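Biologist: I'm new to this one and would like a close look at a single part. Could you walk me through it?

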Amino acid sequence: MVRIKSRYLLCEINVTDKSRLLLLDDRAVMTAVRTAVARIHGDYGAAQCIIGVSVKYMNAHTGMVFLRFPKRCYKLLWSALPFITCMETRGQKIPCFLNCLHVGGTIRTCQKFLIRYNTQQLHRLLPKCKNEETRETSAEEADSEEDEVV
Amino acid sequence: MKGVSTQKKSTGYQRVVLKNSAPVLENESTRLSAVEFKQFIITGLKILYGEVGAALTFDVLKYDEDSRTAFLRVPSRGLVKLWSSLTLLGSYQDQACAFRILQVSPFLLALTGNSRELQLD
């Protein structure tokens, strides 16, 4: 069977200022990844980025990103992700860092992990919520996440 | 790795030594010191392989300024990166240049002679 295999990295973008997270979009993430790889791995890394590297899903509310890498070079490109310190969008530089949560072979496995992860986070965060409002918004965000990826 | 006499294979750590004449420059009279030479090679590694490539540890064991020939030593897993970046290094301060690698061997002693140039009597 000839099948093109790839690796999907589920990453979480952490920013200090939550409101600025909403400004990010998939193109900003893509340029940040490309520049980081070019700096860390030079022309060789930049060439690996041309074919098959893309941002498959980006949720600005929760900061979840699915990055697609080809199977042959995903470790090399993965090693450059911790060196991303800021993303530039619409003329603003937003300091942030990427946390890689899961590596999967297909988008579906990553989505299943994301749903489990969100329920775990919900169980952790809800007891701490002081009032009804925050409780509702966090539950809403987790639900919308589940539906969107499909 | 042990100190100076590191040419023996020890515990699976092998160093490869390159003897190369470098660079063949357009303007023959340019002089390069040993430090500039090493910096030039590091720049080449950085262009092709980025920060990770520039961190590759290699040594310039001996450098002859007049002929611009040097002995380089590199761990064997870094040989491909070093050799490819030397190949693709094309210009030094706006002059075209080329590296010619004369010999590669895991043993320093083997670089003293070349059996092709051996004269019998």
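How much area is buried between domain 1 of chain A and domain 2 of chain A, and what share of it do carbon and sulfur atoms give?

Modeller: A quick word on ground rules. This is a predicted model, where local features need pLDDT of at least 70 and side-chain atom pairs count only at pLDDT 80 or more, while totals for chains, interfaces and linings use all residues. Residues are numbered from 1 along each chain as its sequence is written, chains are lettered from A and ligands numbered from 1 in the order in which they are written, and side-chain values use heavy atoms, with hydrogens and water left out.

Now, your part. Chain A splits into domain 1 (1-105) and domain 2 (106-149), bounds that come from an automatic or database domain assignment. Between these two domains about 1,300 Å² is buried, and carbon and sulfur atoms give 70% of that. Buried area here is the accessible area (1.4 Å probe) that two parts lose on being put together, summed over both. In terms of contact (heavy atoms within 4.5 Å), domain 1 of chain A puts in 14 residues and domain 2 of chain A puts in 12 residues.

Who does the burying on the domain 1 side? A:Y57, A:F66 and A:H102 supply 37% of the area that domain 1 of chain A buries against domain 2 of chain A, more than any other three residues.

Rings of Phe, Tyr and Trp (its six-membered ring) pair if their centres lie within 6.5 Å; planes under 30 degrees apart count as stacked, over 60 as edge-to-face and the rest as tilted. That rule gives 8 aromatic pairs over all chains. One of them joins A:Y57 and A:F66: the ring centres are 5.4 Å apart and the planes sit at 65°, so this pair is edge-to-face. A:Y57 and A:F66 are both buried, with buried meaning under 20% relative accessible area, exposed over 50% and partly exposed in between (1.4 Å probe, protein chains only).

Chain B and chain A bury about 500 Å² between them, with 60% of it on carbon and sulfur atoms. B:L48, B:Y49 and B:E51 supply 58% of the area that chain B buries against chain A, more than any other three residues. The salt-bridge count across the interface of chain B and chain A is 0.

Conventions. A salt bridge is a side-chain nitrogen of Lys or Arg within 4 Å of a carboxyl oxygen of Asp or Glu.
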